[in-house]
Amino acid sequence: MSNQATQDAVCCPPLAERRVPAETAAALAPAFKALGDPVRLQLLSMIASAESGEICVCDLTPAFDLTGPTISHHLRTLREAGLVDAERRGTWVYYRARPAILRQLAALLTVAPAT
């Protein structure tokens, strides 16, 4: 089973409630690792908050003081981690977040409010 397919199937309670099973940890770790870089975290934020639900790489690149190839590397890392999908349209690539994996990451990190 591919990492992305595994991520789609993973579901677990918050880590503050119960130990994370090894299979779940292995499936979600690449996403957390990808988000460990500040540029990738910012890119994902820009993609996930895009008004139309997707954003062109042409709108992402100018937001950083990095070369196009470096931005492409970071976007590829996000794709390989299953956090975003990409679609080529002519010479441009459009990115959109994958809500299911973002919900899984958020659910895993959920902490009950202090009483």
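In which helix is leucine 109 found? The answer is helix α6, residues 99-109.

**View 1. The whole chain, a predicted model.** Local features here need pLDDT of at least 70 and side-chain atom pairs pLDDT 80 or more, while totals for chains, interfaces and linings use all residues. Residues are numbered from 1 along each chain as its sequence is written, and side-chain values use heavy atoms, leaving out hydrogens and water. The protein chain has six helices and three strands. Helices (H or I, at least four residues) and strands (E, at least two) are DSSP runs, numbered from the N terminus. Their order from the N terminus is α-α-α-β-α-α-β-β-α. Of the 115 residues, 34% are buried. Buried means under 20% relative accessible area, exposed over 50%, and partly exposed in between (1.4 Å probe, protein chains only).

**View 2. Contacts across the sequence.** A contact means heavy atoms within 4.5 Å. Among contacts with a separation of 6 or more, 61% join residues 24 or more positions apart.

**View 3. Leucine 109 in helix α6.** Leucine 109 touches Leu15 and Phe32, leaving aside residues up to four places away in sequence. Alanine 16 lies 93 residues from leucine 109 in sequence, yet their C-alpha atoms are 7.7 Å apart. Leucine 109 has a relative accessible area of 48%, so it counts as partly exposed.

**View 4. Cysteine 56 and cysteine 58.** Cysteine 56 is buried because its relative accessibility is 2%. Cysteine 58 is partly exposed, at 29%. A disulfide is a pair of cysteine sulfur atoms within 2.5 Å. By this rule, the count is zero.
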